[in-house]
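Please look over the structure below with its surface in mind.

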Amino acid sequence: MEPSLDRDPQLWRMAKDRAKFKSHLFTYLTVNALFWVIWALTGRDSDPFPWPIWPTVFWGLGVLFNGIGVYGGFSKQSLSEREYERLVRQRTERG
């Protein structure tokens, strides 16, 4: 679905990014829960080291950084916007 003419393109992009993030987070939680259940039901006695820790930690880092970027952390656009606003303020202070 393409954005209609009355939508703000920037807000529409942010909404799509947040919806994608929520979908990825749900997938992460579901798949990792399944990994832990498989580990608990199968190889827990023979191998006490929990192998699901690896996908949980490393995939979780990816989800974390994605969430920071989507919800206003260190996204390239927000940095650009802050720099632009700083330059506009400097310009108005000078003259």
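Helix 2 gives the largest share of the nonpolar patch, seven residues, where helices (H or I, at least four residues) and strands (E, at least two) are DSSP runs numbered from the N terminus. The model is a predicted one, in which local features need pLDDT of at least 70 and side-chain atom pairs count only at pLDDT 80 or more, while totals for chains, interfaces and linings use all residues. Residues are numbered from 1 along each chain as its sequence is written, and side-chain values use heavy atoms, with hydrogens and water left out.

The patch covers about 1,100 Å² and includes Leu34, Phe49, Trp51 and Ile68.

| Element | Residue range |
|---|---|
| helix 1 | 9–41 |
| helix 2 | 53–70 |

Patches of this kind are made of residues with over 30% relative accessible area and no salt bridge, nonpolar side chains (Val, Leu, Ile, Met, Phe, Trp, Tyr) being joined within 5 Å and like charges within 9 Å; a salt bridge is a side-chain nitrogen of Lys or Arg within 4 Å of a carboxyl oxygen of Asp or Glu.

Leu34 is found in helix 1 and is partly exposed, with a relative accessible area of 49%, on a scale where buried means under 20%, exposed over 50% and partly exposed in between (1.4 Å probe, protein chains only).

Of its 95 residues, 14% count as buried.

How values were computed
Accessible areas come from the Shrake-Rupley method with a 1.4 Å probe; for residues, only the protein chains shown count as cover.
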